[in-house]
Amino acid sequence: MNSNLHDQGESRDEKLRVTLVCNAGVLLEYRGTKVLLDSIYGPEGHPFSNLTDVTWQQMLQGEGLFSRVDYLLFTHAHPDHFSPGMTMQYLQHRPVKGVFKPQADRPDSALDAFLMERRIPCVDLSLKTDHASFHVEPHLTVRAFTAQHLDRKFWGVRHLCYVLSFDDKHVLFTADVDYMSTSFDVVKDLPLRAVFLNPLFFRAFHNPKFFHGSLKAENFCVYHVPFQEDDTMQMRYMLQRDLANWPREEGAAVALTEPWQTVEL
């Protein structure tokens, strides 16, 4: 399934392609650069859809979409977004140019030691690096800022939102952000091509009782949605209703709900 949300006569290579891997995991491709975000995680400790064994083996072998992945990015250390052990396993099989992740609670963590031993470039993102720009490719800049997790019991877990700029295509990934306490003032002057938000944020977006901030974009992409067979929380049904009520003047809205679904921005 492929949705073209921005067609202005651009060639295929000039388009930013975002493919849903699973849950909040996506693969971004632009001008030959590939970024894998929140895609390496295991089946324990969460109610969301998991990587299949086939997909995991494709990752490890660098097959298909997963050939020549350049960067791994993680928003926070929750089991449906990030597995340090599986990340080490992946890096034992596949070379990357760099890793971006939240700063670990313990600097001597096994993953940190592994990255240092293998001399794999890693940016440990903390409050000190909030809003810093990392120009990693001629056409790619990575920025991140700290924002609380939606669930208060996880406020002690560092949670990041990423702004990825592919030339003039700026995209924001909000993961599990606490939209009730985050204003998004840091991106108010940035012309966002797309915002990726979870179904709860999407539902609250136009309700000032819950979302007190302001966020404008050309496209709103809903992700972090269980696949049909895993949807014990009925999130897909809720999302279907919310999509029907989304005001068109706000910007295009699309839901990433199916395996390997792709949007072009």
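1. In this predicted model, the axes of helix 1 (residues 53-61) and helix 2 approach within 8 Å and cross at roughly 45 degrees. Helix 1 and helix 2 are therefore oblique to each other, since an angle counts as roughly parallel only under 35 degrees and as roughly perpendicular from 65 to 115.

2. The residues that meet are as follows. Helix 1 supplies Trp 56, Met 59, Leu 60 and Gln 61, and helix 2 supplies Met 86, Gln 89, Tyr 90 and His 93. By class, this contact of helix 1 with helix 2 has five nonpolar residues, three polar and no charged.

3. Helix 2 (residues 84-93) also pairs with helix 3 (residues 110-118): their axes come within 9 Å, and the crossing angle is roughly 20 degrees. That makes helix 2 roughly parallel to helix 3, because angles under 35 degrees count as such. The crossing of helix 2 and helix 3 is left-handed.

4. On the helix 2 side of this second pair, the residues in contact are Pro 84, Thr 87, Met 88, Leu 91 and Gln 92; on the helix 3 side they are Ala 110, Leu 111, Phe 114, Leu 115 and Arg 118. Seven residues of the contact of helix 2 with helix 3 are nonpolar, two are polar and one is charged.

5. A separate point concerns the second largest pocket, whose volume is about 350 Å³. It is lined by 18 residues, and those closest to its centre are Phe 48, Asp 80, His 149, Asp 176 and His 224. The lining of the second largest pocket divides into nine nonpolar, six polar and three charged residues.

Methods:
Residues numbered from 1 in each chain as written. Predicted model: local features only at pLDDT ≥ 70, side-chain atom pairs only at ≥ 80, totals over all residues. Heavy atoms only, no water. Axes fitted to C-alpha atoms, helices over the stretch in contact; angles between N-to-C directions. Helix = DSSP H or I, 4+ residues; strand = E, 2+ residues; numbered from the N terminus. Parallel < 35°, antiparallel > 145°, perpendicular 65-115°, else oblique. Left-handed = near helix turned anticlockwise from the far one by under 90°. Contact = heavy atoms within 4.5 Å. Nonpolar A, V, L, I, M, F, W, Y, C, P; charged D, E, K, R; others polar. 1 Å grid on protein atoms, 1.4 Å probe; cavity = no way out; pocket = protein on both sides within 12 Å on 5 of 7 lines; lining within 4 Å. Points joined across faces, edges and corners; volume = space filled by probe spheres on them.
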